Amino acid sequence: MKVTDHIKQAKSTLISFEILPPVKGKSIDHLFQHIDAIMECKPAFINVTYHRAEQVFKKRIDGNFQQIEIRKRPGTVGICASIMNRYSVDAVPHLICGGFSKEETENALIDLHYLGIDNVLALRGDAAANQKFFSPHEQGHRYALDLVKQVVDLNKGKYLEEDILDEGKTDFCIGVAGYPEKHYESANMDWDLYNLNAKVNAGGDYITTQMFFDNQKYFNFVDQCKQIGIEQPVIPGLKPLTSKKQLQAIPGIFHVEIPTDLTKAIMACKTDADCEKVGTQWLIAQCRDLIAKKVPVLHFYTLGKPNVILNVIKAIM
Ligand code: FAD
């Protein structure tokens with residue numbers, strides 16, 4: 001079932017999760033244990049991230065180094081299919097522009113369609129590890145907007161090969177990313193909102209936000225979206241802080257602010273277990289406020305911490 005149908009049919013705020021495929025070579029069992037734990041919360045859907053291939057240098061037998069491409073976390077489509085089979089829960093695969101040609105994207109969409117998956121989250125992806133700025137695949141898309149347009153075309157039965165006409169229409173519900181604190185590359189918030197509006201107008205059915213630790217930033221963002229005519233649901237993305245290291249890492253990676261009160265409380269902790277308690281309490285307060293304001297879904301970035309999320313959900317249900 002589509003994310004938007006889940007939202008339409010819901011009588012109260014829904015729960016959803018984002019998980020990452022395991023690093024190549026690691027067992028999938030750990031991920032399934034992780035999902036087993038969070039199933040208790042009856043998620044409406046589970047998102048599975050997509051990871052672009054990276055260029056790495058491998059030492060050859062002759063001692064020289066060879067540059068090769070490695071996808072460290074493959075398996076998004078397979079994990080989505082297993083989630084649907086094992087748990088009868090809808091899976092939302094992320095699709096990214098970075099590193100993919102339009103044809104590879106089309107083939108991935110065809111695979112998803114055959115598997116009965118009718119949701120995608122359409123993203124640009126970040127710059128490759130060895131690049132400063134994002135650069136698209138030679139035959140790929142530069143912006144998530146172009147990916148949204150490709151999915152919309154396929155939903156209309158329009159394939160890349162122009163002689164395939166009105167055949168095999170897909171029926172994907174399309175999510176797009178939004179940034180309550182602005183996407184880090186955008187010159188200003190208005191420009192970012194303008195680009196978000198373009199994704200929504202092109203066919204984005206809902207928005208999932210980057211994580212935030214201050215609900216007011218989310219509420220302001222929703223208001224700003226409404227002011228420019230965006231009526232689609234805005235799903236808040238949430239994550240608990242669980243260590244002091246994250247005070248630096250999270251703003252560095254995700255370009256979001258951590259409120260002073262939360263920073264002070266984490267800094268006062270003696271152990272990571274104490275940090276986890278503080279982060280859990282903070283997230284519980286965030287969730288209670290968001291539920292009171294009737295947000296459609298609470299979307300949790302579980303990032304390997306299912307028990308923390310479980311404790312939060314038990315506290316708010
Ligand atoms: P876009 O919407 O393309 O925007 C990127 C930047 O370009 C923005 O600054 C925007 O304002 C600007 N822009 C957009 N259109 C135009 C235009 N026409 N002209 C000029 N500028 C424009 N990354 C992954 O690699 N894998 C994942 O699974 C993944 N999941 C994510 C899930 C969520 C909910 C979120 C919020 C992010 C996720 N990301 C993921 C990270 C995401 O790929 C990065 O934040 C990326 O830098 C931007 O992606 P986007 O889809 O928002 O890009």
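**Exercise 1. Is His 255 buried, partly exposed or exposed, and where is its place?**

Step 1. Start with the classes: buried means under 20% relative accessible area, exposed means over 50%, and partly exposed lies in between (1.4 Å probe, protein chains only).

Step 2. His 255 has 34% relative accessibility, so it counts as partly exposed.

Step 3. Now find its place: His 255 is in the loop between helix H8 (246–254) and H9. Helices here are DSSP runs of H or I with at least four residues, strands are runs of E with at least two, and both are numbered from the N terminus.

Step 4. Look at the backbone too. Phi of His 255 is near 60°, a positive value in a residue other than glycine. Most residues other than glycine have a negative phi.

A word on the model before going on: it is predicted, local features need pLDDT of at least 70, side-chain atom pairs count only at pLDDT 80 or more, and totals for chains, interfaces and linings use all residues. Residues are numbered from 1 along each chain as its sequence is written, and side-chain values use heavy atoms, with hydrogens and water left out.

**Exercise 2. How do the axes of H9 and H10 cross, and which residues meet?**

Step 1. Two packed helices are described by the angle between their axes and the distance between the axes. Axes are lines fitted to C-alpha atoms, for helices over the stretch in contact, and angles run from 0 to 180 degrees between N-to-C directions.

Step 2. The axes of helix H9 (residues 260–267) and helix H10 (residues 272–292) come within 9 Å and cross at roughly 155°.

Step 3. Apply the angle classes: under 35 degrees is roughly parallel, over 145 roughly antiparallel, 65 to 115 roughly perpendicular, and the rest oblique. H9 and H10 are therefore roughly antiparallel to each other.

Step 4. The crossing of H9 and H10 is right-handed; that is, the near helix is turned clockwise from the far one by less than a right angle, anticlockwise being left-handed.

Step 5. Contact means heavy atoms within 4.5 Å. From H9, Asp 261, Leu 262, Ala 265 and Ile 266 meet Cys 275, Val 278, Gly 279 and Trp 282 of H10. By class, this contact of H9 with H10 has six nonpolar, one polar and one charged residues. Here Ala, Val, Leu, Ile, Met, Phe, Trp, Tyr, Cys and Pro count as nonpolar, Asp, Glu, Lys and Arg as charged, and the others, Gly among them, as polar.

**Exercise 3. Describe how H7 lies against H10.**

Step 1. The axes of helix H7 (residues 215–227) and H10 come within 10 Å and cross at roughly 30°.

Step 2. H7 and H10 are therefore roughly parallel to each other.

Step 3. Asn 215, Tyr 218 and Phe 219 in H7 meet Gln 286, Asp 289 and Leu 290 in H10. The contact of H7 with H10 divides into three nonpolar, two polar and one charged residues.

**Exercise 4. Which residues of H11 are buried, and what do they pack against?**

Step 1. In helix H11 (residues 306–316), the buried residues are Pro 306, Val 308, Ile 309, Leu 310, Val 312, Ile 313 and Ile 316.

Step 2. The buried residues of H11 pack against strand S1 (14–19), H2, H10 and S10.

**Exercise 5. How many disulfides are there?**

Step 1. A disulfide is a pair of cysteine sulfur atoms within 2.5 Å. By this rule, the count is zero.

Step 2. Cys 41 is in no disulfide, and the nearest cysteine sulfur, that of Cys 287, is 11 Å away.

Step 3. Cys 41 counts as buried at 14% relative accessibility, and Cys 287 is buried with a relative accessible area of 0%.
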